[in-house]
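Open the model in your viewer and keep the selection panel at hand. The tour goes stop by stop.

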Amino acid sequence: MMKKKSIPASKPFLILFLCQMISALDVPLDSKLLEELSQPPTITHQSPKDYIVDPRENIVIQCEAKGKPPPSFSWTRNGTHFDIDKDAQVTMKPNSGTLVINIMNGGKAEAYEGVYQCTARNERGAAISNNIVIRPSRSPLWTKEKLEPHQVREGDSLVLHCRPPVGLPPPIIFWMDNAFQRLPQSERVSQGLNGDLYFSNVQPEDTREDYICYARFNHTQTIQQKQPISVKVFSLDSLNDTIAANLSDTDIYGAKPVTERQPVLLTPTGSTSTKVELRGNVLLLECIAAGLPTPVIRWIKEGGELPANRTFFENFKKTLKIIDVSEADSGNYKCIARNTLGSVHHVISVTVKAAPYWITAPRNLVLSPGEDGTLICRANGNPKPSISWLANGVPIAIAPEDPSRKVDGDTIIFSHVQERSSAVYQCNASNEYGYLLANAFVNVLAEPPRILTPANKLYQVIADSPALLDCAYFGSPKPEIEWFKGVKGSILRGNEYVFHDNGTLEIPVAQKDSTGTYTCVARNELGKIQNEVHLEIKDPTMIIKQPEYKVVQRYGQVSFECIIKHDSTLLPTVIWLKDNDELPDDERFLVGKDNLTIMNVTDKDDGTYTCIVNTTLDSVSASAVLTVVARPNPPFDLELTGQLERSIELSWIPGDENNSPITHFVIEYEDGLHEPGVWHYQTEVPGTQTTVQLKLSPYVNYSFRVVAVNKIGRSQPSEPSEQYLTKSASPDENPANVQGIGSEPDNLVITWESLKGFQSNGPGLQYKVSWRQKDVDDEWTSVIVANVSKYIVSGTPTFVPYEIKVQALNDLGYAPEPSEVIGHSGEDLPMVAPGNVQVHVINSTLAKVHWDPVPLKTVRGHLQGYKVYYWKVQSLSRRSRRHVEKKILTFRGNKTFGMLPGLEPYSSYKLNVRVVNGKGEGPASPDKVFKTPEGVPSSPSYLKITNPTLDSLTLEWGSPTHPNGVLTSYILKFQPINNTHELGPLVEIRIPANESSLILKNLNYSTRYKFYFNAQTSVGSGSQITEEAVTIMDEAMASRQVDIATQGWFIGLMCAVALLILILLIVCFIRRNKGGKYPVKEKEDAHADPEIQPMKEDDGTFGEYRLFSFVSSAPF
C-alpha cells in the first residue's frame, strides 16, 4: 500500500489538511467546524509597534482577535491596567478590542502618549499584542535667526546649511526659490542627506538672494520655510576692480590666481568614519567633494564587490544606496573623488546589526487528551536575542503550574496533556535593537470524527490521468481513514491506490472501470462516520486534425484547421492565439467552428498560431507556423566600378527577401542615346551574388538596374545606376535574317533585320547591299542605303537564284565581311497541268487518284504541291440532280497520288488536278469521271405501329434517306416481351422493296412486342430501327374484373366484416376494464403474426395473381 505525506502542489484543486505534525492536530479552515470547536484567542490585527499619530485627529489603536468563545479585551498603559471606563474620551469598539481616543472633541494627543498593550481572553487562554508606542507627530517652526549674506569667490566651495527643526517623524527637505521652483542640481551643486546644499565650486550664475530650505512634515501635511539665504559670487576680474585703489599691480597680478583646485571632501570629514545599519534596511553612504574642475565620485568595497541587483547610485553618484542589507554587507566602503588635479578618498566602515528575526516562530498546537507536543521559538539577531516565555500574558515563571509542561530554553515540551492544559503562550525574542512577540496556543480537544468533504460529491476525471477523491476530516484523537468502492465493497488496498495523510484517495491512472461510488470511513475511539463520493471517467479531448505549417503570399488567404474529438458530456471551447497572445482585433481574422481563416494576409500576420481546446477537465493545444512570403524588395545602392571600354563592374545591395530566398538577379540596361526609356535584358546572376562584370558595346549611354527574383515573383526594379557612355567603333556585326524573295515575276526584294542602336557602335550607320545572279559569271552589284531594311532589284528574270549579302558600316568603318545567302527573283503562275490522271475506285466510299508530275521549268516558282478538285455529279439510285459542291484535297511537295475518302456509294463523280507554287495554281487537267459501287442502305426513315387489336398490329415505314444502291427488300423481325422483360422467340419476315406497310395478324392479346426493321441492297443489310407495341386486352375478361367491385353482395359482405370487427373491439375493451383474464388461446390469437392473418381476405387477389401468371407464361 502506497502512502504519501502530502498532495503535490500541482494539484491546487485539493484542500490541503496536514493532519499530524509532531503529535499535533491542525484544525482545518472549515468555517462551520471553526464555529463549533473551542479555541483560545488569536490576535488577528494590531497597530504597529511605533505608532505616530496626527495630533489633530482621533487616535485609533487597533486590536482584533478571534476565538471560541469570542474573547474579551483589556488594555495596559505604561505597564499598568488602563481603565477605559474612567476616561470619557476613550471608547472600545463593539466586539473588538480597538480603542478610539477622541481628540477632536477637546482631548490632547500629548496626554495619551505612552506604551499600550492589548489582551484578548476567553476560557481557553489569553493572547497579548505587541507593545504599541503612541507618539503624536510634531512639526515645530524654525527658530528665528539672522542670516548673513554669503560672499564667495568664483571657484570656491560653499555649503548652505538647512538645519531644520526636529520633528516627528523627521521632515523631508528640499530647496526652492521665491517662485516655488526647485533649484536645479547637478554634479557641481547638490543636496546632502542632512538637507544642506553643497557647491563643489561656485560660478557667477549661482548669485541669487532666494536660496530657501523647506521642510515638509507628512503626518501633519505642513511645510515649514527657512529664511531666504543670499549668495553673491565674485569673479577675479570684479574683485580686482574693487580693490585696485588699495593694492599695487604687483599685488593683484604678481601671483598666479587660484583657478583650479584638487578635490577636498566636504562630507564626511576626515579619512575614515563608521556607520551602523540594521539588517533589512536601506544603507545610504554619502561623499560630497569640493574642487575645480568638479570632482567625479566613484565607490568601491574593499576586499569585495558591491552587491549586484541591490546597489544603486543616487545624487550624481554622490550617494551609494544598498537595499535589503544583511550581515554580509558589513565591511569598508571607499569613496574616491577625482578631478584632473588629483584625488581624495574616504573609507566608511559599515557594521550591519540585526533586530531579532524569526527562524522558527511558535505555531498553534491542537492536541488530543494524552498526546504530546512541543512549542518551538527560535530567533536570530545581532547581538543574539534572548528568549522568554509567557503563559496567558504572564511570565511563565509565575504562571499557574501545569504538570504536562516543561520549559527548555526556546522550547516548551508537553507530555500527556489534558483539556485543562489549553492556554496561549507568548514567546518574546529581544535585543538592544528591538523585540519579537508571538502568540501560539495549545488547544486540547476531544472530538469524534467529522468528514468535511460534502456528501455525494461528484468528481470527473479524464481517462489515464490521476483521480484524487477528497476525504477532508477532523477528529481528536486523529481518526483512521479507510476507503471502500461501492456501498458494500471491500476495503481498498494495493499498489493501484495511494492513500494520503489528509484522507485523500489517489488513483494514479484512472480507467473507465474506475467509475463508481467510493466510500470514505473515518473512525477514532469517540466514534465513526462515513461519506460517499462519486467518480466519473471521461474520454480525453483530442485534436484529430491539427493546424499545419503554412506558407502564404502577402495579400492572400490562409486557413488553419483544428478539428477536435471530445467526450459527449463535456462542452469544449476553442481559443486561438497568435504568438501566445490574443488574436489581433482585426476583422480579417475569422474564427470558425473548426478553423481559423486570415483574409488579406500581411507581413504582421507572420508567427505561430495555437489552437487551444478547453473543457472543464482538460486542455489540449496544437500550434502551426505561418510564414508570409512576397516578392523581394528591390535592390538598392547600385554602384559602377572598374570602367573599361568594353566592360564594367556593377554591384548592389539586396532588398528584403520577404521569407522567400532570392533565386537570381536580373540585370537590365537602358540606352539613353538610342532608346531612352526602354529597358533591355542584359544578364542574370545567382541570388547569392551581388556583383557582376558586364560586357559593353561601343557608342551606348548605359544605365543599369537590377531586379530580384524569388519563387513568388519579381521585385520592382531598383533605382537606375549612374550613366556610362562608351566610345564609338566600327560595327562588330552585320544584319541578320537576310532574305531575297521576289514580289513580282521581274523583281528581287532583299530584306534584313536592322541593327539596334547599341549594335551600330557609332554614328552614321548604313548598309551596303550586294547581289549577283547565281551560276552566272557576273560581277557584284552594290548599293549603300540608310535607315531602311529593304531594297528592291527590278528587271530580273522570273524565278532565278541570286547570291545576296548585306554589310553594316558607320562613320568609323565597315563591319566584317558578311556571309552570302541565296534568294530567288519573283514567281509566276505554273504553265501546264498535270497529265495522265487516273482514278482507281477502292470501295463505295474510297478512291485513289494518280497523275504525272509537271516539268519543273514549267512550275516557274517553288513547287508547293498538287490540288485535287472533285465533286459529286449525281446519285445513280436517284436521277435528280442537286447543287454541285466541289471539294479540294492538297498534297504537299512532289507527290503524284492521293486518296479520296468520304465518297457516297452508288454515285457519279468528276475530278481534276492542278499544280501549285508560291504565286498560285496552274491550269486544271481535263475532268476525269468515275463511279462508286453500291453500298448498304441507311436505316428506314421511320417506323410507325398503328391500329392495335386483340391479335393484330399495323406497321408503316419510310424508305431510307440514303439507299446507297438499289433496294432489294425489307427485313422485319419481332418477338414478344413478358412482364419480367424477358424476350420470347424471334420471328423474321422478308418484305418486297416496293411495300411501305404491313398488317401482322394472329398475335397474342394483351402482349407487348418488340420490332426490328431494316432495308437491303445487293451488298447487304443496312442499320435497323426498333419500336415496341402492345395488343389490346380481352374485353369480356376486363368487364368481369371490373364488375365484381360494383356487385351488391360484395359490398354487403365487406360491411358485415367491418361491423364484426367493431363488435369484437368493443367486447375486448369492456373485458379488459373489468380486469378479466384472457384464456391462453385468446392470448395466442391476440398476439398472432400480423403477416398471417390477412390470408383469408386475400383469396381473390391470389386468384388474380395465378390467372395473370398463367396468361403471362402461356407459350408465345
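How many bridges join strand E46 (residues 516-524) to strand E47 (residues 527-538)? Select both strands: nine bridges link them, and the two run antiparallel. Strands here are DSSP runs of E, at least two residues long, and helices are runs of H or I, at least four; both are numbered from the N terminus. Two strands pair if DSSP finds at least two bridges between them. Now pick Asn 524, which stands opposite Gly 527 in E47.

Before moving on, note that this is a predicted model: local features need pLDDT of at least 70, side-chain atom pairs count only at pLDDT 80 or more, and totals for chains, interfaces and linings use all residues. Residues are numbered from 1 along each chain as its sequence is written, and side-chain values use heavy atoms, with hydrogens and water left out.

**The sheet**

**The loop at Ser 368**

Go to the loop between strand E30 (365-367) and strand E31 (373-376), where Ser 368 is found. Is Ser 368 buried or exposed? Ser 368 is buried, at 0% relative accessibility. Buried means under 20% relative accessible area, exposed over 50%, partly exposed in between (1.4 Å probe, protein chains only).

**Rings**

The structure holds 21 aromatic pairs. Select Tyr 702 and Phe 704: the ring centres are 5.4 Å apart and the planes at 5 degrees, so this pair is stacked. Rings of Phe, Tyr and Trp (its six-membered ring) pair if their centres lie within 6.5 Å; planes under 30 degrees apart count as stacked, over 60 as edge-to-face and the rest as tilted. Tyr 702 is buried at 2% relative accessible area, and Phe 704 is buried at 0%. Next, select Phe 174, Phe 180 and Tyr 214, which form one aromatic cluster.
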